[in-house]
Amino acid sequence: MHLFNSHVVAMTIPADFHRRQSTCRGTTYIEKDPTVGEWVRSLVPTLPGSLKYLSEVFLCVRWLPSYCPTWLLGDAIAGLTVGFVVIPQAMAYALLAKLTPEFGLYTSFVGAALYWIFGTSKDIVIGTTAVGSLLIGSVVTSVQAEVPEGTYTNDQIAKAVSAISGLILLGLGLLRLGWIIEFIPYIPISAFVTAAAITIMATQFPTLMGITGINTRQAPYLVIIDSLKALPNTQMDAAIGLTSLVLLFAIRYFCDWMGTRYPKQKKAWAIASSLRLTFTILLYTFISWLVNRNVTGKTPFRIVGHIERGFRHAGPPSFDQDLALLVLPKIPAIIIILIIEHVAIAKSFGRQYGYTVVPSQEMLAQGASNFFGTFVGGYACTGSFGASAVLSKAGVRTPLAGLYSAVILLLALYALTAVFFYIPMAALAGLIIHAVLNLPTPPKTIVKYWKLGPVEFVIWWAGVLIAIFESLEVSIYVTICLSLALLLVRVAHARGPFLGQTAVHHPLPTLLQTEHDTGASTPTERYLKRSHSSSSIYHHRLSLNSEDLGSASTAAPCPATLPSHHDPMSDTSHHSRRRHAYIALDHSDNSNPVLSISAPYPGLFIYRFPTILCYANQAQHMQRLTQYIKANTRPPPGPKNPADRLWCEAATSPVSSDTKKDNANEKTHHEEEQLPPLRAVILDCSAIDTLDITSIQGLVDARKTLDKHANCEEDGSGGCVQWHFAGVWNPWTRKALVVAGFGVPPGSSKNVQPEKEKGSQDDVEAGAHGVVQQGQPSIHSEGESEDSEGQGNNPVVNRKVRYSNKKYGDLQEKAVCEDMFERTAILGEDGDGKLVPLRGTNRPFFHLGLEDAVDAAVAFTKCLDARRKRGNETKIEKSGS
């Protein structure tokens, strides 16, 4: 059977193709089903696998032995630069966590000292962040409000939160569950970061202006209102805070301008810009020292004050049961934000520099930093975008640069605490506001959200408003739930299209005819010249003749499929390549509405699943599938007794086509008789990986419904509607479909047991594709001898069964077509160049792609139609004689 016409695709068949094709007779490939035992055995750890796992956990053992000495200078410069940048940031962000500045230094020290052991990014810096510190501060505030004053200190609460979140992240990393972060969409995180930046600026504004008495624990909008009301109470701190803010922006814009004007020194100006935080803090610390060095009483503006030298707060975290119960409800939001922020930063640098970031390993690194950091006084930490950008611009080469940053932080803890005494609080507030001003989503991006997804645009605004008027925790939970609900709605109500066939043409550039090209010196230029001279878009034929679609022959002993290694570009003719495309019949895919689209054969229906098929959407898909097919195919004869019909079915009576219909959507009896009978259903499953039991049952129920509609009870074969599946790649999914009775021609299941003639020999053997099994009907193909001498190795030829019951007459015709069908399997080449079946021949109705499925369905249906037509003609001749 030739599934392709020679005029459809102009290509050359190798000279030895028919010789190799002839050797494929009798060649089978029986697809084996996966088993639970094999799956369980694959999970049993092995020694090589365990060693590989350990090397993946402690990733430094892979790259550290091959550390290049020339990288040392770059790591040292980058690490020391980041160390000076991190010091003021860590101290400022610790205030957001309701802790003293030294706790920020502890946190950044541990992150810098441990990340290189586990991390997969050379550019990430783990330390304090504004958003993470704000979350810790909100937990501290919440717990202190629920317990009597003095029950727990702020650092006890912060360390408990960090230890629990660190343990959870360690577990997720060790179990390699990094993929779960993909369940958190981008919109909730964007809304949260925007709202967090607004919240941070609102809570730091009173400190910047020297305003006291503002309750920063309340909702952000109330903090903003109270701060504006208290503006008349501004103190001397405002001079420090506002000027520091102006200075930070001035240095930033000046360095950016200089980098643009002098591109060769752009990197140097970028590093200078990143050090503006350190410079500003040192400048105002010096001014504060000049003002307050001789002051013994109240200072003119608030300063940091005494800072403990070294690791005075080191010790194991408190795992008090009551405290754990108080902080546990806050943990999910903290973990979500910490890991999402960290992985997003690491992946952005990974894409920029061409290395791969492993989320599970980043979870492990972050969990280790959070958990072990509590033993030296640290609190929750994550990747810092600002510090990471400085590290990248400074020329970092490996994750080992973090050790140099840790040395600088260690030096600050032991040698610079006396200097930190004079740091103005307003300067730290200005530094925080300056750092978070670029975090809110810009208006241009918000407009893009509306264009990309209006529903997600609404979710974004809901998250921001809830955070401002309620709290950040409620905001992140609500937006994630809304996003997941939107996903479920989209999956549950995904509308699959019914596809039709149309011919498309594409002009092929004649790359091999280089001698005709002039004025082009390279193959690329010659190709572009030819592509420009001839249109490269697809030209669709607006009408299809039946002869253009080709016909399927049933006489070919082996498939006349074109060899897979053929390159269509080798066709040096100027003719365009013609092929079939399958697009939505209703043009819902925005295709050209003037295109002529039709079914590839009367009674064949192609349905594409737009997304996964699962218990949430299977009912809608099956209902749409059955209703559309029933409305566009010939209905079964009505019951002889009108009283036997269902109450919900309209009474049917033969009427002429010109009889007026009560409902415009209803068809007259004459119109229904003109509809084709249902032959085959082709499902495009390229978007489906796995199927659950509910989905399988839905397919089974749909098959029963359509078999009844096609009046298969009269067929006597146990089913007459073909179900073809295209693009089912998962072996477990194919196994589930086979168990449910799919994958084989209708009527070829074990449930069909024909009655043999008495004394007939039971010589039924398994067919080439396993469709005919022991106890099943089988019959010779046309033109084959029952003795089949010389064909003993061909299980297709060795089938012979006689039937004594007339109701199995159609089975004989089906068996002949099955013989034809199973010998037209798609072939591939093995290592010796021999043609072998590409997929399991025991599941002939599972196809590689949609075009293969359509070709097979059309060929099988034409074969059955031809056999039935000849059978009817034979009956007429016999009755006439």
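Two residues are in contact when heavy atoms of theirs lie within 4.5 Å of each other. By that criterion, among contacts in the protein chain between residues at least 6 apart in sequence, 82% join residues at least 24 apart. The model described here is predicted. The protein chain contains 31 helices and 11 strands, and buried residues account for 48% of its 881 residues.

Strand β7 has pairing partners in β6 and β8. With β6, the pairing is parallel and extends over 5 bridges; R608 is the residue that stands opposite D684 of β7. With strand β8, residues 722-726, β7 likewise pairs in the parallel sense, over 5 bridges. In that pairing, V681 stands opposite W723 of β8.

## The loop between β6 and α26

Strand β6 spans residues 604-608 and α26 spans residues 618-631, with N617 placed in the loop between them. I612 also belongs to the loop between β6 and α26.

N617 has 0% relative accessibility and therefore counts as buried. A polar atom of the N617 side chain lies 2.9 Å from the backbone nitrogen of C614. Leaving aside residues up to four places away in sequence, N617 touches V491, A492, T611 and I612.

I612 has 40% relative accessibility and so counts as partly exposed. When residues up to four places away in sequence are not counted, I612 touches V491, N617, A687 and I688. I612 and T690 are 78 residues apart along the chain, and their C-alpha atoms are separated by 7.9 Å.

## Packing of α8 against α15

Helix α8 is formed by residues 154-174 and helix α15 by residues 331-353; their axes come within 10 Å and cross at roughly 65°. The crossing of α8 past α15 is right-handed. On the α8 side, V161, I164, S165, I168 and L169 take part in the contact, and they meet I331, I334, I335 and I339 of α15. The residues of this contact divide into 8 nonpolar, 1 polar and no charged.

V147 is placed in the loop between α7, residues 130-146, and α8. Its relative accessibility is 14%, so V147 counts as buried. Not counting residues up to four places away in sequence, V147 touches Y152 and L326. V147 and L323 are 176 residues apart in sequence, and their C-alpha atoms are 9.6 Å apart in space.

## Helix α12

Helix α12 covers residues 266-274 and includes S273. S273 has a relative accessibility of 6% and therefore counts as buried. Apart from residues up to four places away in sequence, S273 touches R252 and C255.

## Accessibility of individual residues

| Residue | Relative accessibility and class |
|---|---|
| N617 | 0%, buried |
| S273 | 6%, buried |
| V147 | 14%, buried |
| K98 | 33%, partly exposed |
| I612 | 40%, partly exposed |

The classes follow from the cut-offs: a residue is buried under 20% relative accessible area, exposed over 50%, and partly exposed in between.

## Positive phi angles

Most residues other than glycine have a negative phi. K98, which is not a glycine, has a positive phi of about 65°. K98 lies in the loop between α5, residues 71-96, and α6, residues 101-118. H587 is a further residue other than glycine with a positive phi, in this case near 60°. The position of H587 is in the loop between β5, residues 577-584, and β6.

Notes
Residues numbered from 1 in each chain as written. Predicted model: local features only at pLDDT ≥ 70, side-chain atom pairs only at ≥ 80, totals over all residues. Heavy atoms only, no water. Axes fitted to C-alpha atoms, helices over the stretch in contact; angles between N-to-C directions. Helix = DSSP H or I, 4+ residues; strand = E, 2+ residues; numbered from the N terminus. Left-handed = near helix turned anticlockwise from the far one by under 90°. Nonpolar A, V, L, I, M, F, W, Y, C, P; charged D, E, K, R; others polar. Buried < 20%, exposed > 50% of the residue type's maximum accessible area, 1.4 Å probe, protein only. Polar contact = N/O pair within 3.5 Å; in protein donor to acceptor, adjacent residues only side chain to side chain. Pairing = 2+ DSSP bridges.
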